[in-house]
Amino acid sequence: MSARLDCPLCGAVVAEGVADIAPGVCPGCGARYEGGEGSAPDAVRTALLGFGADALDPAAVTDAVFRLTPADSAGKGVAITSDERDDFYRWWLFVQPGDEGDPVAVISGI
Ligand SMILES: [Zn+2]
């Protein structure tokens, strides 16, 4: 079993050749990533809990994040991506800290 995750915001390799991936921080841009579920809606729900943003509607955030173009994601500091594993993958929500270090405000901004 080998997993790999690339940051969708800066392209840095976040994890490579590891048995599993835990939530953490991108070494390239400092974005936090949370989630790690097999479906995007489940990953967003788990990520919102991890970010302390569980007051936000997971379905609305999932819908909004998939509407972001790469340029939108770069500007707003939020993106969703899947990792790579042997025969499946898991989804991760990346959020940059923002001016005030508040991921809830950043996620609310999409
Ligand atoms: Zn990054």
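**Exercise 1. Determine how E3 and E4 pair, and trace the sheet from there.**

Step 1. E3 and E4 are antiparallel partners joined over two bridges; strands are DSSP runs of at least two residues, helices (H or I) runs of at least four, both numbered from the N terminus, and two strands pair if DSSP finds at least two bridges between them. The model is predicted: local features need pLDDT of at least 70, side-chain atom pairs count only at pLDDT 80 or more, and totals for chains, interfaces and linings use all residues. Residues are numbered from 1 along each chain as its sequence is written.

Step 2. Gly 24 has Tyr 33 of E4 as its bridge partner. E3 and E4 form a hairpin with six residues between them, and Gly 30 in the turn has a positive phi of about 80°.

Step 3. E4 also pairs with E6, in the antiparallel sense over five bridges; Glu 37 has Trp 91 in E6 as its bridge partner.

Step 4. E5 and E6 (residues 91-95) are likewise antiparallel, over five bridges, and Ser 82 stands opposite Trp 91 in E6.

**Exercise 2. Describe the packing of helix H1.**

Step 1. H1 (residues 40-50) and H2 (residues 58-67) pack at about 115°, with their axes 9 Å apart. Axes are lines fitted to C-alpha atoms, for helices over the stretch in contact, and angles run from 0 to 180 degrees between N-to-C directions.

Step 2. H1 contributes Ala 40, Pro 41, Val 44, Arg 45 and Leu 48 to this contact, and H2 contributes Pro 58, Ala 59, Val 61 and Thr 62; residues are in contact if their C-beta atoms, placed from the backbone, lie within 7 Å.

Step 3. Buried residues of H1 include Ala 43, Val 44 and Leu 48, where buried denotes 20 or more other C-beta atoms within 10 Å of the residue's own. The buried residues of H1 pack against E4, H2, E5 and E6.

Step 4. Gly 52, with a positive phi near 70°, follows H1.

**Exercise 3. List the contacts of Val 78.**

Solution. Leaving aside neighbours within four places in sequence, Val 78 is in contact with Val 65, Leu 68, Ser 73, Phe 94, Val 95, Val 106, Ile 107 and Ile 110.

Methods. Contact = placed C-beta atoms within 7 Å. Buried ≥ 20, exposed ≤ 12 C-beta atoms within 10 Å, placed from the backbone.
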